[in-house]
Amino acid sequence: MMASSSLFYLSLSLILTLTSAARHKPHPSPAKPPAKPAVTTATSPAIQQACAATRFPQQCEASLSQSQNLPPNPNPTPLQLLQSAIALSSDNLATAQTMVKSLHDASADSRNRTVAAATCIEILANSHYRISLASDALPRGRTKDARAWLGAALAYQYDCWNSLKYANDTEMVGKTMLFIDNLETLSSNALSMAFSFDAFGNDTASWKPPVTERDGFWEAVGSGGPASAGGVPPNLTPDVTVCNNGGDGCYKTVQEAVNAAPANGTKRFVIYIKEGVYEETVRIPLEKRNVVFLGDGIGKTVITGNGNVGQQGMTTYNSATVAVLGDGFMAKELTVENTAGPDAHQAVAFRLDSDLSVIENCEFLGNQDTLYAHSLRQFYKSCRIEGSVDFIFGNAAAVFQDCQILVRPRQVKPEKGENNAITAHGRTDPAEPTGFVFQNCLINGTEEYIALYLSKPQVHKNYLGRPWKEYSRTVFINSILEALVTPQGWMPWSGDFALKTLYYGEFENKGTGSDLSQRVPWSSKIPAEHVLTYSVQNFIQGNDWIPSSVGSPSS
């Protein structure tokens with residue numbers, strides 16, 4: 001790197017360091033405004049106006065004023081400013097990736113540090129990929145896509161920082177965490193600009209820091225009601241088959257079939273998984289795109305594992321029985337489960353990071369953290385999801401339509417009672433276009449849990465969700481909420497953490513548990529004029545990519 005560039009990143013790092021305490025605060029400390037360092041470099045009015053729309057405006061001005069990515073024109077266009085902010089994030093991300101790789105190479109003496117660094121390597125590579133996609137999408141007018149990818153890129157950086165937090169036992173780890181923390185500030189600023197660019201266009205005078213429904217801001221909606229006839233296309237032709245005995249040209253494991261899929265494939269690669277129980281962990285990497293799993297039915301085709309954080313060196317992220325990174329993933333007619341025992345705590349059945357993914361007629365079974373809807377745009381149709389604690393969680397933009405969401409008994413002394421949160425959405429930045437939307441779903445318990453609940457309802461309390469992160473967003477629309485849902489509806493995480501920034505909404509639900517008269521004051525009734533904000537099209541642009549269930553091509 002050139003000497004002038006090195007001086008730029010050094011001075012920028014010193015400025016951004018002042019924001020670290022504001023970005024990563026322990027729960028449940030109240031939010032603190034970032035420090036405001038003096039900026040000595042002359043800042044153009046165009047930069048000042050654009051940066052006023054970010055969460056960290058002083059840091060934004062400092063970075064853009066010193067950036068070598070902006071053209072020499074004193075009046076750069078809004079798109080040029082946004083592209084420059086993205087380039088700053090990308091350049092610093094490359095440095096972070098190098099630091100994490102060095103940390104991994106230096107961590108042979110610590111399994112926890114090695115695992116944390118390896119996780120960072122994977123998710124920062126995904127972050128880099130998403131930033132590259134966003135940069136290419138913006139000049140083509142694909143602003144919604146760019147926002148989705150920038151939001152995911154920021155989320156991955158946060159997750160890397162969070163992974164290292166639990167292995168912070170050396171100075172090298174501390175320095176890496178500090179750099180990634182500063183990187184998040186740059187990425188947040190780029191995402192904020194993308195939010196305003198999408199909402200207000202080229203009129204930077206109208207740009208403002210990102211706000212949410214909780215602030216009375218509702219994004220403009222197009223046509224498209226809450227319903228969708230889409231799903232996994234019918235009559236797909238298998239490319240390969242998996243069967244338990246591995247004979248007759250079958251692969252013996254699901255992972256072997258995944259490995260056979262082409263890298264960066266543009267056509268669907270259909271894997272037919274015959275009836276049977278497959279005890280394995282399955283990983284679909286980033287370069288394996290458009291992979292489709294077809295089973296013989298729920299409870300017939302079963303992929304099972306027992307990874308959990310009680311195992312040495314295991315993390316929630318890595319505990320998944322099936323984990324998918326490659327975009328365009330689809331699955332239909334199968335079960336994925338995690339059978340970890342009563343002392344396992346976090347044990348994921350299915351983790352999904354695939355943008356534009358469709359899951360139909362599938363079942364996910366677990367206890368704590370069953371379904372990790374980790375990132376990007378996801379559509380679940382007619383699925384069955386079982387668990388006990390935070391069993392649908394993550395920071396995806398996910399729509400669950402016509403699904404059964406069922407509470408299971410806690411595994412240790414279930415008769416004593418419990419406080420269950422069904423969802424735990426993890427949005428960390430108000431500009432991230434993420435959230436959980438439940439449409440026409442059933443919220444109830446398994447037969448075993450309902451018998452337990454009816455025996456002593458006052459000790460078995462179930463909540464629609466709790467805020468895992470500061471800007472958690474979850475809504476239930478036209479769903480059936482049965483009696484096990486407590487009258488308060490929603491559960492705090494710790495003290496008053498996130499209660500002023502989350503958005504938890506309900507609209508025209510039915511069932512005993514849908515009565516809003518005793519709901520917590522920090523939840524909301526969605527205004528009728530804004531309910532289409534959460535349609536499949538408006539929330540995840542589903543009409544643009546979810547195939548029609550009728551008459552779709554077979555490949």
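Does Trp218 count as buried or exposed? Trp218 counts as buried, because its relative accessibility is 16% and buried means under 20% relative accessible area, with exposed over 50% and partly exposed in between (1.4 Å probe, protein chains only).

Some ground rules before the points. This is a predicted model, so local features need pLDDT of at least 70 and side-chain atom pairs count only at pLDDT 80 or more, while totals for chains, interfaces and linings use all residues. Residues are numbered from 1 along each chain as its sequence is written, and side-chain values use heavy atoms, with hydrogens and water left out.

1. Trp218 and its partner. The ring centres of Trp218 and Tyr534 are 6.2 Å apart and the planes are at 80°, so this pair is edge-to-face. (Rings of Phe, Tyr and Trp, the last by its six-membered ring, pair if their centres lie within 6.5 Å; planes under 30 degrees apart are stacked, over 60 edge-to-face, the rest tilted.) The two residues are 316 apart in the chain, with Trp218 in the loop between α8 (171-200) and β1 (240-242) and Tyr534 in the loop between β24 (524-525) and α11 (536-540). Helices (H or I, at least four residues) and strands (E, at least two) are DSSP runs, numbered from the N terminus. Tyr534 is buried too, at a relative accessible area of 1%.

2. A stacked pair. Tyr380 and Phe400 sit 4.6 Å centre to centre with 10° between the planes, which is stacked. Tyr380 belongs to strand β12 (residues 377-381) and Phe400 to strand β15 (residues 397-401), so the pair ties together parts 20 residues apart in sequence. Both Tyr380 and Phe400 are buried.

3. The structure holds 20 aromatic pairs. Tyr380 and Phe400 also belong to one aromatic cluster, whose members include Phe293, Phe436, Trp490 and Trp522.

4. Charges over rings. The charged end of Arg351 sits over the ring of Tyr317, 3.6 Å from its centre. Arg466 does likewise over the ring of Trp493, at 4.0 Å from the centre. The rule here is NZ of Lys or CZ of Arg within 6 Å of the ring centre and within 35 degrees of the ring normal.

5. The largest cavity. There are 4 cavities of 30 Å³ or more, and the largest holds about 390 Å³. (On a 1 Å grid over the protein atoms alone, a cavity is a set of points where a 1.4 Å probe fits but cannot get out; a pocket is an open set with protein on both sides within 12 Å along at least five of seven lines; lining residues have an atom within 4 Å of a point.) Of the 31 lining residues, Arg147, Glu219, Pro433, Arg473 and Phe539 lie nearest the cavity's centre.

6. The second largest pocket. Its volume is about 410 Å³. Among its 18 lining residues, Arg142, Asp355, Leu356, Arg377 and Trp545 are the closest to the centre.

7. Keep an eye on α7. This helix gives the most to the lining of the second largest pocket, 3 residues, and the largest share of the lining of the largest cavity, 6 residues. Helix α7 is mostly covered, with 20 of its 23 residues buried.

Methods: Points joined across faces, edges and corners; volume = space filled by probe spheres on them.
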